[in-house]
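Let's walk through this protein together, one place at a time. Keep the sequence and the 3D view side by side as you read.

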Amino acid sequence: MLRNIALALLLSSSAGAVEASTPFWGDKESQARTIPASALQPGQFVWSPELAPAGPIVVVVSLNEQLAYAYRNGVLIGYTTISTGKKGHQTPTGVFTTLQKDKDHRSSIYNNAAMPYTQRLTWGGVALHAGGLPGYPSSHGCVHLPSVFAEKLFEVSPLGMTVVVADESSAPYEVSHPGALAPVHPVSGEQVEIPRLYTGEVYRWQPELATEGPISILLSTADRRVLVYRNGVEIGRTRMVFRDAHRPLGSHVYTVVGTQQPDAEGRMPEGYEPDWTAVSVPGLESEAGNKMKPEEVARVVLPPAFVAAATPYLAPGTTLMVTDAPILPSTTGVAMTVVDNAPPHDSSTEDGE
């Protein structure tokens, strides 16, 4: 009996020692959603998954910016400062899919270094994981993330998630300097080439491009555009008129609430009107539960034909992000190289740091 108790205490203290030896990196809480990625200090991040509660996830790592961007359903749900490979251990560019996930991983080649929330990108030792964030490249090839951001991303991302690592010499400007919309396809990682509305083209509605999955909408007063994404694919966009443009509309996030469900074709019943309710995201917590203000809604004028076509698809769970910032890319760059993830040459694998 005493021996069993002593053994239990020994195991308990050993586990505590291991836990205590795992460092914590970065901030413990998200910054406000209104803070741009370029203003983040080392260790800071923004995480607001409420913007797109479901859909495919893609992560874009910008080596030149030392920032990473997480998109779900085509919408930016988080961004963070990072630290990538230092000189002689540069992080490779290209398109990867996560090959392995390990919450409590430790390096097999760097003194058993802690690599919490590892998401492996290559069998040669490159991964996303929590790690040091000095404000410049310092790793042995891995992408270091703040501990909390790494944990939250680990929890929502599936095995096989697409991760694009890019810099200005390897990818188009939109990929190496991404914005509010995913610059690449959520599965293939290839750059998404979506033409703008042509002169005289008021709106575009193509629900057949994605026939199922969650819907996310972005409204930009700066671009005078509304974009609709379904399952990570753009299915519509329209021009809009913004009245009293000298007064900002501000940043807001809404979701459609209700119990009605769409039919087999994903359409709501005839006469349906979505009920929009504000969602709490970092920096906008006080807006939670508020309804859209009629006087503010009246400032946004959309083509009636677009509204009629899109409304039946706005089932409960649809999200809308309103911003005064631009969301459309404005610059192009060089073609992007896609890097294959070669399988391991034998049964063993190496772990970076």
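**A threonine to start from**

T162 has its place in strand β10, which covers residues 162–166. Helices (H or I, at least four residues) and strands (E, at least two) are DSSP runs, numbered from the N terminus. Residues are numbered from 1 along each chain as its sequence is written, and side-chain values use heavy atoms, with hydrogens and water left out. Please keep in mind that this is a predicted model, where local features need pLDDT of at least 70 and side-chain atom pairs count only at pLDDT 80 or more, while totals for chains, interfaces and linings use all residues.

Is T162 buried or exposed? With a relative accessible area of 3%, T162 is buried. Buried means under 20% relative accessible area, exposed over 50%, and partly exposed in between (1.4 Å probe, protein chains only). A polar atom of the T162 side chain lies 3.1 Å from the backbone oxygen of P186. This is a polar contact, a pair of N or O atoms within 3.5 Å; within protein, one must be able to donate a hydrogen and the other to accept it, and residues adjacent in sequence count only if both atoms are side-chain atoms. Not counting residues up to four places away in sequence, T162 touches I57, V58, V59, V95, F96, T97, P186, V187 and G189. Contact here means heavy atoms within 4.5 Å.

Now step back to the whole chain. The secondary structure comes to five helices and 19 strands. Of the 353 residues, 48% count as buried. Among contacts with a separation of 6 or more, 68% are between residues 24 or more positions apart.

**Into the cores**

In soluble globular proteins, nonpolar side chains tend to be buried together. A nonpolar core is a set of buried Ala, Val, Leu, Ile, Met, Phe, Trp, Tyr and Cys residues joined through side-chain atoms within 4.5 Å. The largest one in this model has 43 residues, and those with the most contacts inside it are V61, L128, L145, L153 and V163. Helix α2 (residues 147–156) gives this core its largest share, five residues. A second, separate core has 25 residues, including L249, Y254, Y272 and L314.

Which residues does V61 meet, leaving aside its neighbours within four places in sequence? V61 is in contact with L67, A68, I82, T84, L128, V143, V163, V164, V165 and A166.

Q66 is buried, at 9% relative accessible area. Its side chain reaches the backbone oxygen of L63 at 2.9 Å. Residues up to four places away aside, Q66 touches T80, T81, I82, S83, T84, Y136 and P137.

**Two pockets**

Next, look for open spaces. On a 1 Å grid over the protein atoms alone, a pocket is an open set of points where a 1.4 Å probe fits, with protein on both sides within 12 Å along at least five of seven lines; lining residues have an atom within 4 Å of a point. Grid points are joined across faces, edges and corners, and a volume is the space filled by probe spheres set on the points.

The largest pocket holds about 1,200 Å³ of space. It is lined by 47 residues, and the closest to its centre are G179, A180, L181, P326 and I327. Strand β19 gives the most to this lining, with three residues. By class, the lining has 28 nonpolar, 12 polar and seven charged residues. Ala, Val, Leu, Ile, Met, Phe, Trp, Tyr, Cys and Pro count as nonpolar, Asp, Glu, Lys and Arg as charged, and the others, Gly among them, as polar.

The second largest pocket has about 810 Å³ of space. Of its 28 lining residues, L219, W276, M292, V297 and L320 are the closest to its centre. The largest share of this lining, three residues, comes from α5.

V297 belongs to helix α4 and, at 42% relative accessibility, counts as partly exposed. V297 and L249 are 48 residues apart in sequence and 9.7 Å apart in space, C-alpha to C-alpha.

Most residues other than glycine have a negative phi. R224, in the loop between β12 and β13, has a positive phi of about 55°. N231, in the loop between β13 and β14, also has a positive phi, near 50°.
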